[in-house]
Amino acid sequence: MAGQTKRRIETDVMKLLMSDYDVSLVNDSMQEFYVRFHGPEETPFANGVWKIHVELPDQYPYKSPSIGFMNKIFHPNIDELSGSVCLDVINQTWSPMFGEFAGLSLRIAVTYYYTRLLDMINIFEVFLPQLLRYPNPNDPLNGEAAALLMRHPKEYDAKVKEYVQRFATKEAADAATDGQEEDEDEEMSDIGSISDDE
């Protein structure tokens, strides 16, 4: 199993490296890296640029990766200080839904699911854009963002846009990766591994 897991990590990370995404490996490790992520169009996150920290566990793809925003983001399901994405959101998305594969053997369903849906690149093309488009205020890591979204959606949108302008610029994303702090207002958050919270 260890050989399969290692090959899967190498395959997924190589696909990401060969894509249009800006990917930076940490110490040449394929299990820890940063990806530059742009906010989805037609959302308050549009024009935002974030550095996403990704750590792949040894059990990947059978265990979900740790994903965190290095520069600040205002979102109900993302911790503002650590940048961690809500573990429940990742695990719900990462778990196979076998009902969709009625009539297929379990092995074929799992193989299809892991090779098609859980490709690392889908985190950046599907999972994160959907998370930003459809926040879940009922399961918040950021209570202020959740309350504002539920009570005053237009004010929530305005605050998201303010954060994008202040903290989600190319320069802020670069500074977050380099560990540089511009000033106290633009201090970037450190990410804690969300898999440690399990």
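Is M18 buried or exposed? At 65% relative accessibility, M18 is exposed, since exposed means over 50%. The model described here is predicted.

## Helix α1 and its surface

M18 is placed in helix α1. Together with M14 and L17, M18 makes a nonpolar surface patch of about 290 Å².

S19 lies in the loop between α1 (2-18) and β1 (23-26). Its relative accessibility is 18%, so S19 counts as buried; the cut-off for buried is under 20%.

The side chain of S19 has polar contacts with two backbone atoms. A polar atom of this side chain lies 2.6 Å from the backbone oxygen of L16. The backbone nitrogen of Y21 lies 3.2 Å from a polar atom of the S19 side chain.

## Pairing of β1 and β2

Strands β1 and β2 (residues 29-38) run antiparallel and are joined by 4 bridges. S24 has Y34 in β2 as its bridge partner.

The hairpin of β1 and β2 has 2 residues between the strands. In this hairpin, N27 takes a positive phi near 50 degrees.

## Pairing of β2 and β3

Strand β2 is also joined to β3 (residues 49-55), by 7 bridges, and these two strands run antiparallel. Y34 stands opposite H53 in β3.

Definitions and conventions:
Residues numbered from 1 in each chain as written. Predicted model: local features only at pLDDT ≥ 70, side-chain atom pairs only at ≥ 80, totals over all residues. Heavy atoms only, no water. Buried < 20%, exposed > 50% of the residue type's maximum accessible area, 1.4 Å probe, protein only. Polar contact = N/O pair within 3.5 Å; in protein donor to acceptor, adjacent residues only side chain to side chain. Patch = residues over 30% accessible without salt bridge, like charges linked within 9 Å, V, L, I, M, F, W, Y side chains within 5 Å. Areas by Shrake-Rupley, 256 points an atom, 1.4 Å probe, with all protein chains shown as cover. Salt bridge = Lys/Arg side-chain N within 4 Å of Asp/Glu carboxyl O. Pairing = 2+ DSSP bridges.
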